[in-house]
Amino acid sequence: MESVKRANQRLRSYPLLMAKCSVAAAAYATCVTTDLNVAHRSCDKEFNNFKECMRKAAIEMKTKL
């Protein structure tokens with residue numbers, strides 16, 4: 001049951017991680033939603049910026065993604 005508690009704790013930190021990366025998340029969301037037929041890898045730059053921001057925020061908060 002300890003693993004379930006840790007997983008729940010990580011999930012509770014996601015809103016904080018998202019808040020720290022709101023600019024990168026908005027840029028990625030804008031890229032994805034601008035076209036109804038999003039091509040594969042068309043928003044890679046935005047996604048990688050968002051992923052890197054989330055990774056750095058998780059390290060700051062001493063948690064895992």
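**Notes on ring pairs and salt bridges**

1. In this predicted model, arginine 55 and glutamate 52 join their side chains in a salt bridge, with 2.5 Å from N to O. Both residues sit in helix H3, and because they are 3 residues apart there, about one helical turn separates them. Arginine 55 is partly exposed at 39% relative accessible area, and glutamate 52 is likewise partly exposed, at 30%.

2. You will find 3 salt bridges in the structure. Another of them joins the side chains of glutamate 60 and lysine 20, at 3.4 Å from N to O. Glutamate 60 counts as exposed, at 57% relative accessibility, whereas lysine 20 is partly exposed at 47%.

3. Arginine 41 and aspartate 44 also meet through their side chains in a salt bridge, here with an N to O distance of 3.3 Å. On the arginine side, residue 41 counts as exposed with 59% relative accessibility. Aspartate 44 is partly exposed, its relative accessible area being 28%.

4. Now for the rings: a search of the whole structure turns up 2 aromatic pairs. In one, tyrosine 28 and phenylalanine 47 have ring centres 5.5 Å apart and planes at 55 degrees, so this pair is tilted. Tyrosine 28 belongs to helix H2 (residues 22-33) and phenylalanine 47 to helix H3 (residues 44-60), so the contact ties together parts 19 residues apart in sequence. Tyrosine 28 is partly exposed, at 27% relative accessible area, and phenylalanine 47 is partly exposed too, at 33%.

5. Tyrosine 28 also pairs with phenylalanine 50, this time in a stacked arrangement with 6.3 Å between centres and 10 degrees between planes. Since tyrosine 28 lies in helix H2 and phenylalanine 50 in helix H3, the pair ties together parts 22 residues apart in sequence. Phenylalanine 50 has a relative accessibility of 13%; the cut-off for buried is under 20%, so phenylalanine 50 counts as buried. Taken together, the ring pairs link Tyr28, Phe47 and Phe50 into a cluster.

6. Arginine 6 counts as partly exposed, with a relative accessibility of 46%. Its C-alpha lies 9.9 Å from that of lysine 64, although arginine 6 and lysine 64 are 58 residues apart in sequence.

Technical notes:
Residues numbered from 1 in each chain as written. Predicted model: local features only at pLDDT ≥ 70, side-chain atom pairs only at ≥ 80, totals over all residues. Heavy atoms only, no water. Phe/Tyr/Trp six-rings, centres within 6.5 Å; stacked < 30°, edge-to-face > 60°. Helix = DSSP H or I, 4+ residues; strand = E, 2+ residues; numbered from the N terminus. Buried < 20%, exposed > 50% of the residue type's maximum accessible area, 1.4 Å probe, protein only. Salt bridge = Lys/Arg side-chain N within 4 Å of Asp/Glu carboxyl O.
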